[in-house]
Amino acid sequence: MQSDSGKTVSVWMDTIKMPTFAPLEEDLSCDVCIVGAGIVGLTTAYHLVRAGADVVILDDGEVCGGETSRTTAHLSCVLDDRFQWLERVHGEKRVRESTSSHMAAINRIEAIVREEKIECDFARVPGYLLLGKSDAPDFLDRELEGFGELFRMLSYEQVGAAAMLSRALGGVSRGKAVFALPGSRRAVELGMEKLVVPELRHVVFEVRKLP
Ligand SMILES: Cc1cc2nc3c(=O)[nH]c(=O)nc-3n(C[C@H](O)[C@H](O)[C@H](O)COP(=O)(O)OP(=O)(O)OC[C@H]3O[C@@H](n4cnc5c(N)ncnc54)[C@H](O)[C@@H]3O)c2cc1C
């Protein structure tokens with residue numbers, strides 16, 4: 001794959017041959033014209049075509065030759081900017097919206113992989129957030145405080161507005177990680193399966209480092 005920019009070569013650029021297309025030399029008509037054949041343009045086109053639209057995609061370089069050729073293909077709803085910063089700048093409502101929209105996008109990608117039988121080794125794996133050298137020692141504690149928000153977001157998908165009654169919270173007390181979940185069986189299963197168990201080893205690892 002040829003990259004449109006940058007000096008380094010990603011694993012995709014090194015191992016994947018993308019289809020190439022001749023320059024457009026005639027007038028075309030279509031329902032929708034998309035400029036940019038990166039993951040965003042192609043995904044938009046995919047959904048439009050499935051909905052029955054006639055779509056043309058234009059690009060001044062190779063298909064996926066832009067930023068898409070450099071992705072590490074790591075899909076996560078835990079955004080790089082971190083919950084504590086996002087909440088401070090955009091407010092809790094927006095953080096919930098962006099997190100759930102990322103979760104929906106990942107679910108959609110998984111569905112497309114399954115429906116189209118794409119052999120891309122899509123896998124759901126535990127995620128680990130490590131303390132960087134320049135991060136304050138309490139950085140992860142503060143991030144952990146997002147546990148309650150994450151729980152309410154997941155819970156909202158199950159029980160709707162009643163999720164706001166949840167007092168779920170997570171934090172560190174006297175050197176121990178503490179998670180408080182509502183008492184119903186479904187709530188405990190949700191919190192344990194989606195949040196606590198996948199992240200527990202990492203949480204314990206980080207808590208042990210605290211002074
Ligand atoms: C090193 C690196 C690692 C990353 N890792 C991850 C990751 O792990 N997980 C993740 O989710 N995201 C990651 N990202 C971000 C992710 O790659 C981008 O968000 C995503 O690829 C953007 O897709 P796009 O379609 O918007 O843009 P692009 O892939 O850049 O596509 C835009 C296309 O538009 C074309 N174009 C632009 N202007 C014009 C024009 N005027 N006329 C015609 N064509 C035009 C370009 O040629 C290009 O092909 C990473 C990014 C980088 C750089």
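User: Which helix gives the largest share of the shell around the ligand?
Analyst: Helix H2, residues 39-50, does, with 3 residues. The model is predicted. In total, 22 residues surround the ligand. The closest are Gly 36, Gly 38, Gly 66, Thr 68 and Thr 71.

User: What makes up that shell in terms of nonpolar, polar and charged residues?
Analyst: The shell has 7 nonpolar, 10 polar and 5 charged residues. Gly counts as polar here.

User: How do you know that the length of H2 agrees with what it should span?
Analyst: Take 1.5 Å times one less than the number of residues. H2 has 12 residues, so it should span 16 Å. Its end C-alpha atoms are 16 Å apart, and therefore the two agree. Just after H2, Gly 52 has a positive phi of about 100°.

User: What about helix H4: how do you know its span agrees?
Analyst: H4 covers residues 92-115, which is 24 residues. Lys 117 follows H4, and its phi is positive, near 50°.

User: Why are E1 and E2 called paired strands?
Analyst: Pairing needs at least two bridges. E1 (residues 32-35) and E2 (residues 55-58) have 4 bridges, so they pair, in the parallel sense. Ile 34 stands opposite Ile 57 in E2. Together, E1, H2 and E2 make a right-handed β-α-β unit.

User: Why do E3 and E4 count as paired?
Analyst: The cut-off is at least two bridges, and 5 bridges join E3 (residues 169-173) to E4 (residues 176-180), so they pair. These strands run antiparallel. Leu 169 stands opposite Ala 180 in E4.

User: What do E3 and E4 form, and how many residues are between them?
Analyst: They form a hairpin with 2 residues between them. Arg 174, in the turn, has a positive phi of about 45°.

User: Which domains does the assignment give?
Analyst: Domain 1 is 11-70, domain 2 is 74-124 and domain 3 is 126-211. The C-alpha centres of domain 1 and domain 2 lie 23 Å apart.

Methods. Residues numbered from 1 in each chain as written. Predicted model: local features only at pLDDT ≥ 70, side-chain atom pairs only at ≥ 80, totals over all residues. Near = placed C-beta within 6 Å. Right-handed = clockwise from strand over helix to strand, strands pointing away. Domains from an automatic or database assignment.
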